[in-house]
Amino acid sequence: MSPSLTCTSISFAWADGTAVFDGLDISFGPGRTGLVGVNGSGKSTLLKLLAGELTPADGTVRVYGEVGYLPQNVTLDTTLRVDRALGIAERRAALHAIEAGDVAEEHFETLGDDWDVEERALVTLGELGLGHIGLDRTVGEVSGGESVLLRLAALLLRRPDVLLLDEPTNNLDLYARRRLYQAVSAWPGVLVVVSHDRELLDLVDQIAELRSGDVTWYGGNFSAYEEALAVEQEAAERMMRVAEADVRKQKRELADAQVKLARRKRYGQKMWDSKREPKIVMGARKRAAQESAGKHRIMHEERLAEARERLDEAVEAVRDDDEIRVDLPYTAVPPGRQVLTLQNLGMAYHARVEGILDLRGPERIALVGHNGAGKTTLLRTVAGELAPVAGEARAHVPLRFLPQRLDVLDDALSVVENVARFAPDATNNRIRARLARFLFRGARADQKAGTLSGGERFRAALAALMLAEPAPQLLLLDEPTNNLDMASARQLTSALESYEGALLVASHDLPFLESIGVTRWLLMEEGELKEIAPEDIGVPPGF
């Protein structure tokens with residue numbers, strides 16, 4: 001049989017009873033599939049079920065072919081040699097022994113037919129931009145992004161029939177992402193990738209969307225999916241408007257019918273009181289009128305109930321695409337106003353800025369470069385978290401820094417209490433009114449920060465910084481879209497569109513940087529900061 005993955009009526013719940021799937025049916029065949037959905041919809045859980053790392057409470061998972069799985073959080077023993085991390089250490093040792101003249105039978109059994117194992121490993125590392133690593137170094141000598149690619153290289157060397165990737169670009173720089181994109185484009189078998197990376201998802205053949213425990217299929221890549229979704233939503237909104245009009249109509253007809261029935265009842269009572277007809281005739285007419293009135297009322301009530309049911313269905317089909325709305329006039333920076341000065345700045349880990357670099361007015365500056373080049377070090381130095389080794393970093397306006405870890409929040413405090421820490425003079429009502437613009441309304445604002453989902457936690461941290469007093473006129477963001485679903489990323493873009501201050505954003509997400517209107521690009525390379533043209537972004541030398 002050709003390689004495939006099939007889930008039949010699978011159910012799964014976490015230990016606390018939270019249901020993730022209840023009777024889910026889904027199948028993946030040859031080709032590349034992008035698995036999408038909001039944070040918490042069960043994408044990573046489904047991949048773990050497919051990979052055999054979790055067992056469904058009910059139903060079956062059938063796998064035809066060997067499966068390779070790259071989890072979202074890659075952890076490798078830092079003491080491992082690279083060849084052992086790649087899974088080729090024994091075969092490589094056997095090959096070297098045979099080449100050295102040792103013809104023991106066990107070496108040939110270990111090596112099998114894989115005589116080019118070392119050559120294949122070096123070629124695979126080179127294709128992923130890891131040719132400089134070598135097979136004898138240890139994992140502890142490579143960066144976090146390189147360790148993700150190293151784990152992918154191990155999977156590619158195994159040549160599995162099915163490849164499962166969970167957020168593979170999260171910790172990759174621009175250059176490493178290009179290598180991964182190339183590997184995905186060339187994949188010949190079954191591939192299922194969970195990602196929020198638009199460029200990666202535009203390489204797939206189809207999209208499977210997980211929503212409320214069910215899956216909906218869309219042909220084509222992510223761009224085609226978005227177009228189809230827009231058409232669906234337009235139709236759903238039309239149906240909702242039709243259903244709303246029908247409910248109003250049925251309410252009017254029910255009210256009109258009740259008025260008519262009340263008049264008829266008053267007329268019958270008048271006839272009864274005046275005794276204009278024989279009692280037996282009036283009694284029969286009254287019973288007939290009551291029966292007719294009851295049927296008429298029931299008919300209109302049923303029509304109204306049906307109309308309300310159609311409205312509920314129509315409302316359910318329309319997605320909740322709430323956007324963050326920010327109105328922060330005090331964050332505005334006049335054009336030409338000096339915001340930040342970096343002068344002969346020497347930083348920790350040997351990062352530096354030669355000469356003088358000025359940021360002026362409401363500039364939107366992208367900070368790009370390889371993993372480990374010093375981008376986070378620069379942001380932390382500007383924010384005052386790290387002291388300069390030499391020179392200075394001087395901010396001329398109030399600033400705030402949102403780190404990758406989102407550790408600006410106190411998990412033991414509610415969202416309201418966290419924001420109040422940054423704006424101690426603001427009243428509770430004022431904080432709540434402004435938090436509503438960040439989609440924390442009512443009881444949601446009273447949730448403990450420690451219970452928030454990834455997207456909610458990001459919104460809460462962003463709210464705390466942007467609602468701080470004094471209002472930040474320079475906002476520093478470090479990889480803000482990491483682990484955000486598409487809806488949360490759109491909400492972030494919406495918030496930053498409304499922000500009138502200056503931005504300095506470190507990110508490997510080019511579509512996001514372009515969406516927020518970046519005006520300057522700074523490249524941190526080998527610890528040195530320099531300005532580059534937009535057309536030079538994202539193309540590694542010699543690629």
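**View 1. The second largest cavity of the predicted model, with a volume of about 30 Å³**. A cavity is here a set of points on a 1 Å grid over the protein atoms alone where a 1.4 Å probe fits but cannot get out; grid points are joined across faces, edges and corners, and a volume is the space filled by probe spheres set on the points. Lining residues, which have an atom within 4 Å of a point, are Val-419, Ala-423, Ala-426, Arg-430, Ile-431, Arg-434, Leu-467 and Glu-469. Helix H13 (residues 428-436) supplies the largest share of this lining, three residues, where helices are DSSP runs (H or I, at least four residues) numbered from the N terminus. By class, five lining residues are nonpolar, none is polar and three are charged.

**View 2. The largest cavity, holding about 50 Å³ of space**. Its lining consists of Leu-70, Pro-71, Gln-72, Val-74, Val-148, Asp-166, Glu-167, Pro-168, Asn-170 and Asn-171, which divide into five nonpolar, three polar and two charged residues. The count of cavities of 30 Å³ or more comes to two.

**View 3. Helix H3 (residues 89-99) and its buried residues**. Ala-89, Arg-92, Ala-94, Leu-95, Ala-97 and Ile-98 are buried, that is, under 20% relative accessible area with a 1.4 Å probe and protein chains only. Their cover includes helix H2 (82-85), helix H4 (105-111) and helix H5 (117-127). After H3 comes Gly-101, with a positive phi near 105°.

Residues are numbered from 1 along each chain as its sequence is written, and side-chain values use heavy atoms, with hydrogens and water left out. As the model is predicted, local features need pLDDT of at least 70 and side-chain atom pairs count only at pLDDT 80 or more, whereas totals for chains, interfaces and linings use all residues.

Key:
On a 1 Å grid over the protein atoms alone, a cavity is a set of points where a 1.4 Å probe fits but cannot get out, and a pocket is an open set with protein on both sides within 12 Å along at least five of seven lines; lining residues have an atom within 4 Å of a point. Ala, Val, Leu, Ile, Met, Phe, Trp, Tyr, Cys and Pro count as nonpolar, Asp, Glu, Lys and Arg as charged, and the others, Gly among them, as polar. Helices (H or I, at least four residues) and strands (E, at least two) are DSSP runs, numbered from the N terminus. Buried means under 20% relative accessible area, exposed over 50%, partly exposed in between (1.4 Å probe, protein chains only). Contact means heavy atoms within 4.5 Å.
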